[in-house]
Every structure is written in structure tokens, then in C-alpha cells.
Amino acid sequence: MGRDVNDILPRMRFLPLSLVVLLTQLAAACWGATATAPTTSAAADASIDGGMQAVVVSAGRIQLREVARPLAGAGQVLVKLRYAAVNPGDWKMAGNAGDDPAAAAPVTAGAAAIPGVDGAGVIAAVGPGVVGYHIGDAVIVWSQARGTYAQYVAVPADTITLKPDRLSFAEAAALPHAALAAWNLLLDQAQLRAGQTLLVLGGAGGVGSAAVQIARIKGARVIATASARNADYLKGLGADTVIDYSAQHFEDQLRAIDVALDTVDIDDAYRALAVLRRGGRLVSSVGLPAAAQCAARMVACQRRTLTGTPPRVVLKQIASWSQSGLFKVNIDRTFELTEVSKAWQYSEAGHTRGKSVIRISD
């Protein structure tokens, strides 16, 4: 039977956050007398008999259940996960609001899915046709089909890379999805070049933090928007200028920007049109202005795609930069697998510095 401590109807774009918190507390109170958290031995038993513990979203409910453990198919590896990362797409998916092309389709009524698109762990099995990886290898995982809020996940071998020794499993888990998104938007779509000026809207979040660093490594000048408390953090990542969005309007200060990356909302995307030069590029992970308005400003407006540099190439390069100290991952908060609702509430509040992660095993 599934444990419903996190049973909160996670359609968060329709419910005020305060109501979500109240529903979570009520659910916990109702189940506290009849359900107990799975013990370490219970999780171990599940692994032994072919099952595993996983967070499952079904009919608007978040449950921690025992489910069948996946198998490594041809070209796949089975990874025993240590940590999974929290992404806005996780709770948007649960609320049928998923708009990230790099994530599987939103959950529909009656469907069940395990959230999570990235993580880190150790290879437990290698499927037919896989070369270059072995049981026991520590790896970084990206899973377009989701499934990383679980003890095990089976993924194609071309969507993983070896974990750098310099990164902890928590840091490694927080790397893939944000880095892949930032790379695709900046390098594959906007074709950012050395010497250009990049504006990152929402620089302190996961994608923003990755974008600032990728742009710096590629030789671009970086301007980022963030709260005042994150100014030193972003300058430490390589931002040349940080604009406090609570005190200043970026569109009043900037002009002739080559590339703008929006990770905030559609309103910021429209405002970014005013600061881009003719022939500039606006890329966004949160929606784009109307095509007619982009054309009127002579700006190319593009969203993330699944084309471009293969994931294995990007992950290997980011891992190499991480090992050499050029690319860093900040872990804001760590949650347990029984605290998914709390993790999603924190993510939805929009103040994460870097990434938050979910601990699955030590």
C-alpha cells in the first residue's frame, strides 16, 4: 500500500501555496496514526526481491510506494540512485502544467508516473550493447522519461557520464537537467560567442547558475538579474554585473544586448525584447512573446529543443569543467524521499539558490 504523507493534490499552479501547505499538514495528521515511514530494512528488502521504493504521482496524489524495480534493457544501465534533483518541471508535471520539451508528457487523469529527470548514483547493472561503463561506476544521470525519485532508474547509456571525483553525489545529481537546458539555449539555439553580452534573467536558479558559468567559460560578458542576497553568489560564478530586480528595472538600464536568457516568466520575456539589439536572440525556458512582436523587434525568439549537442557530449564536458573547478553546483537544500511535497513547495516559492536535491540513499 502506498504511503500518503505527501498526498496533497500537487496541482500547484491552481492552489495558493498556503493552501498546499495546509493540505500537506492535514494529510500528515490523517495518516500519522496508521502509516509509518518505510524503514531502511524495508527498503533493503524491496531491493532484494526485485522491488524498490519510489515516489509515484497518480490522480493528483503523491505517494511513496513499493513498485517493481526496472531492468536495464539493450543500450541501458540500471543505476542505484543516491540523490535526485528538484526541478520546477517536476511539480508542473504533477499539475498537468509541464511545458519543458525535455521532459516526458504531463501526467493525465488516471495515469501514474515517477517524477524526476536527473540524479546521481552507482551502476547496478549493464544492459546488452553498453560499452564503457561497468557495475560500480559512479555516474551522473539524465532521464528524459523521468523516474529518478526512486531507488533505481534505468536510462540509456548515452544520457549518463562518469561522476567527477571532485563532486559529491548531491552536487552531481543537481547538474544534468539545468546544464543541458542552459547549453541548449545558449550554444545550440542562441549560438552565443566570445565577446558577446548575455543577459540572464533569474541568474541564481538552477538554469541561470549554469548559464552564467557556461557563458563565462565561452568568453561572453554576463549580466544577471537576482535578489541582492544573491549578488555575491553570482559574481563568484562569473557574472560581471548583477541587477537587483527588487530595486531596479533591467529594461531601464540596458540596451544592445546580444542574447537574453529568460528563466523567470513570460513577463520578463516581453521586457527583454526592449533591451536586445536588432538581430539579437531571446531564448527562454518559461515561454516566449508572440511571434509578431519578436519579428517587429527583429529578434529571434527560441525555446529549448531536444536537437543540438547530444546529452552525452554536454554531460561529459560539464563534468570535465566541474573536475577542474571551472563549473560549480550550489546545493541550497536537501530533502528526504518522504518530503517531496516540502521540496516542491520550496521550489515553487522561487528562491532556490542553485539547486535543491532529494536524498535517496547514502
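User: Is cysteine 294 buried or exposed, and what is its relative accessible area?
Analyst: This is a predicted model, in which local features need pLDDT of at least 70 and side-chain atom pairs count only at pLDDT 80 or more, while totals for chains, interfaces and linings use all residues. Residues are numbered from 1 along each chain as its sequence is written, and side-chain values use heavy atoms, with hydrogens and water left out. A residue counts as buried under 20% relative accessible area, as exposed over 50%, and as partly exposed in between (1.4 Å probe, protein chains only). By that scheme cysteine 294 is buried, and its relative accessible area is 4%.

User: What is the handedness of the disulfide of cysteine 294 and cysteine 301?
Analyst: A disulfide is taken here as a pair of cysteine sulfur atoms within 2.5 Å, and a search of the whole structure finds one. It is formed by cysteine 294 and cysteine 301, whose sulfur atoms are 2.1 Å apart. The torsion about their S-S bond is about -100°, so the disulfide is left-handed.

User: Which residues of helix α11 are buried?
Analyst: Helices (H or I, at least four residues) and strands (E, at least two) are DSSP runs, numbered from the N terminus. Helix α11 covers residues 340-349, and because seven of its ten residues are buried, the helix is largely enclosed by the rest of the structure. Those buried residues are Val340, Ser341, Ala343, Trp344, Gln345, Tyr346 and Ser347.

User: How many residues apart in sequence are the parts that the pair of tyrosine 149 and tryptophan 344 ties together?
Analyst: Rings of Phe, Tyr and Trp (its six-membered ring) pair if their centres lie within 6.5 Å, and the planes count as stacked when under 30 degrees apart, as edge-to-face when over 60 and as tilted for the rest. The whole structure holds three aromatic pairs, one of which joins tyrosine 149 and tryptophan 344 in a tilted arrangement, 6.2 Å centre to centre with 45° between the planes. Tyrosine 149 lies in the loop between β6 (138-142) and β7 (152-156) and tryptophan 344 in helix α11, so the pair links parts whose separation in sequence is 195 residues.

User: What phi does alanine 256 have?
Analyst: Most residues other than glycine have a negative phi. Arginine 146, in the loop between β6 and β7, has a positive phi near 70° and is buried, with a relative accessible area of 11%. Alanine 256 sits in the loop between β11 and β12 (257-262) and counts as exposed at 52% relative accessibility. Although not a glycine, alanine 256 also has a positive phi, of about 60°.

User: Over which ring does the charged end of arginine 69 sit?
Analyst: A charge sits over a ring if NZ of Lys or CZ of Arg is within 6 Å of the ring centre and within 35 degrees of the ring normal. Lysine 163 does this with phenylalanine 169, 4.9 Å from the ring centre. For arginine 69, at 4.9 Å from the centre, the ring is that of tyrosine 152.

User: Over which residues does pLDDT stay under 50?
Analyst: pLDDT is the predictor's confidence in each residue, from 0 to 100. The chain averages 87, and 82% of the residues score at least 70. The stretch that stays under 50, for which the model has 80 contacts beyond four places in sequence, is residues 3-48.

Terms used
Contact = heavy atoms within 4.5 Å.
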